[in-house]
Amino acid sequence: MYYNIYFSPTGGTKKVADILAGNLVGDFTEVDLCRDINPMELTADDVCLISVPSFGGRVPAVNVERLRKMNGNGARAILNCVYGNRHWDDTLTELQDVLEDQGFVCVAAIAAVAEHSIFRQFATGRPDEEDTKQLIEFAKQIRQKLDAGSADRPKLAGSHGTYKEYNGAPYKPEANDDCTLCGLCAKECPVAAINLDNPKVTDKEACISCMRCISLCPVHARDLDAELLKTRGEAIAPHLSGRKENYLFL
Ligand SMILES: Cc1cc2nc3c(=O)[nH]c(=O)nc-3n(C[C@H](O)[C@H](O)[C@H](O)COP(=O)(O)O)c2cc1C
Ligand code: SF4
Ligand code: SF4
């Protein structure tokens, strides 16, 4: 079986995953890591496209927890890290380490750009038409490798075993007066940081700054501190400007 396994709080990672999945083989079973999952036993006949965004150059910790509920049993994995126009640092190597530990055989990896989910002024609108063409070409090359039966381990950019330190981000969304208390954000928060009984209350320690609640709120009633967003956005602009590339590792 083919699996499309993804963590995509605001949809950018899923866009890249869907382009790849749609051009790899036929039907994929989807597994959404925004929700907790039951333990999964895979087999050597399975192929899993596993997509995560880079958060601070790392695999989001909640993904590591959920991926550790899967036993690969020799299933082949295609790793897909989506980054917001700065860099993915150790995201792919960390993902490879976790998956190999869980018994997957990693056969290919991609680092692809999507719009930055906090600072929307960077990589706006990506993946775009040019990205789509490139991702389709990547899928073709991965398919050839799968068809040839090759399980050669791709050599990835990034370090194994010890990773870039990441202690979370200071961007914690809060509900404003437009909130209708519909509860959607609380239901959809990947780490249950929003109070189900009163969605105006957010546990800032638990919040991983994924921006899912902001992107899903039907009345746009959740925001970040505008001043923080402005000053941080200006400070990081030199690192996030210009068009960054997509990469394939085979
Ligand atoms: C908390 C957080 C940390 C991030 N850290 C990085 C980073 O280190 N490098 C980078 O290029 N993009 C970074 N991004 C941008 C995301 O990787 C990118 O926007 C990705 O597409 C988000 O996935 P999604 O659209 O599926 O939610 C970060 C985004 C968030 C929310
Ligand atoms: S989704 Fe929006 S309106 Fe609904 S509870 Fe959350 S903040 Fe309030
Ligand atoms: S409260 Fe934090 S963790 Fe939960 S959806 Fe919003 S940004 Fe993500």
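Of the 14 residues around ligand 3, the nearest are Cys189, Cys207, Cys210, Arg212 and Cys213. Keep in mind as you look around that this is a predicted model. The shell of ligand 3 holds eleven nonpolar residues, two polar ones and one charged one.

Ligand 2 has 13 residues around it, with Cys179, Cys182, Cys185, Pro199 and Cys217 as the closest. Ligand 1 is surrounded by 27 residues, and the closest are Ser8, Gly12, Thr13, Pro53 and Gly84. Helix 1 and strand 6 are the elements that give two or more residues to the shell around ligand 1, and helix 1 gives the most, with three residues. Both domain 1 (2-159 + 244-249) and domain 2 (174-223) contribute to this shell, so ligand 1 lies between them.

Here is how the three shells are made up:

| Shell | Nonpolar | Polar | Charged |
|---|---|---|---|
| Ligand 1 | ten residues | 14 residues | three residues |
| Ligand 2 | ten residues | two residues | one residue |
| Ligand 3 | eleven residues | two residues | one residue |

Now to the protein interior. In soluble globular proteins, nonpolar side chains tend to be buried together. The largest nonpolar core here has 48 residues, and Leu20, Cys48, Leu49, Ala77, Leu79, Cys81 and Leu95 touch the most other members. Elements that each supply at least two residues of this core include helix 1 (12-22), strand 4 (47-53) and helix 4 (129-147). Strand 7 provides the largest share, seven residues.

Conventions
Residues numbered from 1 in each chain as written. Chains lettered and ligands numbered in written order. Predicted model: local features only at pLDDT ≥ 70, side-chain atom pairs only at ≥ 80, totals over all residues. Near = placed C-beta within 6 Å. Nonpolar A, V, L, I, M, F, W, Y, C, P; charged D, E, K, R; others polar. Core = buried A, V, L, I, M, F, W, Y, C linked by C-beta atoms within 7 Å. Buried ≥ 20, exposed ≤ 12 C-beta atoms within 10 Å, placed from the backbone. Helix = DSSP H or I, 4+ residues; strand = E, 2+ residues; numbered from the N terminus. Domains from an automatic or database assignment.
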